[in-house]
Amino acid sequence: MDYMMQILPSLLNGLKMTIGVFVLTLIGSVPLGMLISLALRSDIYLLKWVMNTYVWVMRGTPLLLQIVFVYYGLSLANIMTLPRFEAAVITFILNYAAYFAEIFRGGIQSIPQGQYDGAQVLGLSKLQTMWKIIFPQVTKIVMPSVGNEVVNLVKDSSLVYVIGLGDLMRAGNIAASRDVTLIPYLLVGVIYLILIALATLIQRRIEKKMNFYR
């Protein structure tokens, strides 16, 4: 127990980085995913093709490879040099936006045509129809899938170690290598379980509040 209390501050310090990547990724990827989902249904062929290619690349390549490419690849190609944290957050946002885009696209396709026709009869514009009629229903439909991606994001945040960010997993690795013990990994696992439990609880609270759409 004394050893656990000794390494806990370093783990909690790494936890700040993990939570920072998690929160910023959600803030950036969910709205971007909504916009991409609309672009995937666009009548403009070039825009639709570009967005489909983007989603295909983001979902078809490992997130770890994308992080390495954004941080190291762009610098080696003399395109731009990003700080570690910014490179990780941008990569996570671009990656998860692709997954959220597919989730929202599926939710939009599940809305009956009658909803659009009714909005047209009421004189609503396309933007008003999407904002006031379609997206509130889509949000409830896709909430379980979005919640699943949020859980994955909590765990995927550990991948930032590859570019040297001091996240929770890296702090555990350092303590385990230094002291030759598995106890830091045990504590890291417990902290991740707590984070996922909190995310699941919040998701269920949101789903419960959205039951009025039934």
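Ile174 is partly exposed, with a relative accessible area of 46%. Here, partly exposed lies between buried (under 20% relative accessible area) and exposed (over 50%), with a 1.4 Å probe and protein chains only. The model is predicted: local features need pLDDT of at least 70, side-chain atom pairs count only at pLDDT 80 or more, and totals for chains, interfaces and linings use all residues. Residues are numbered from 1 along each chain as its sequence is written, and side-chain values use heavy atoms, with hydrogens and water left out.

Ile174 sits in helix α7. Its C-alpha atom lies 8.8 Å from that of Pro184.

Overall, the chain contains eight helices and zero strands. Helices are DSSP runs of H or I with at least four residues, strands are runs of E with at least two, and numbering starts at the N terminus. The order along the sequence is α-α-α-α-α-α-α-α. Along the principal axes, the C-alpha atoms fill a box of roughly 70 × 45 × 20 Å. Of the 214 residues, 39% are buried.

Contacts in the chain were also classed by sequence separation. A contact means heavy atoms within 4.5 Å. Among contacts between residues at least 6 apart in sequence, 76% join residues at least 24 apart.

The chain exposes about 12,500 Å². Carbon and sulfur atoms supply 67% of that area. Accessible areas come from the Shrake-Rupley method with a 1.4 Å probe; for residues, only the protein chains shown count as cover. There are 17 positive and 10 negative side chains. The centres of the two sets lie 7 Å apart. Lys and Arg count as positive, Asp and Glu as negative, while His and the chain ends are not counted. Each charge is placed at NZ of Lys, CZ of Arg, CG of Asp or CD of Glu.

Record annotations cover several spans. An unreviewed UniProt entry gives "domain: ABC transmembrane type-1" for residues 15-203. In the model, residues 15-203 are 82% helix and 0% strand. The end C-alpha atoms of this span are 21 Å apart. UniProt, again in an unreviewed entry, places the feature "transmembrane region" at residues 20-41, 53-74 and 182-202. UniProt positions follow the numbering used here, feature names are shortened, and annotations may be inferred rather than shown by experiment. Residues 20-41 are 95% helix and 0% strand, with end C-alpha atoms 32 Å apart. Residues 182-202 are likewise 95% helix and 0% strand, and their end C-alpha atoms are 31 Å apart.

Leu11 counts as buried because its relative accessible area is 0%. Leaving aside neighbours within four places in sequence, Leu11 contacts Leu168, Ala171, Gly172, Pro184, Leu187, Val188 and Ile191. Ser37 is buried, at 0% relative accessible area. Not counting residues up to four places away in sequence, Ser37 touches Ala101, Phe104, Arg105 and Ile108.

Gln128 is placed in helix α6, residues 126-156. Gln128 counts as partly exposed because its relative accessibility is 33%. Beyond residues up to four places away in sequence, Gln128 touches Gly123 and Ile133. A polar atom of the Gln128 side chain lies 3.0 Å from the backbone nitrogen of Ser125. The C-alpha atoms of Gln128 and Met5 are separated by 54 Å, and the two residues are 123 apart along the chain.

Two loop residues have positive phi values. Asn78 has a phi of about 60° although it is not a glycine. Asn78 lies in the loop between α3 (63-76) and α4 (84-109). Asn78 is exposed, with a relative accessible area of 71%. Val180, also a residue other than glycine, has a positive phi near 50°. Val180 is found in the loop between α7 (168-179) and α8 (183-209). Val180 counts as exposed because its relative accessibility is 72%.

Definitions and conventions. Polar contact = N/O pair within 3.5 Å; in protein donor to acceptor, adjacent residues only side chain to side chain.
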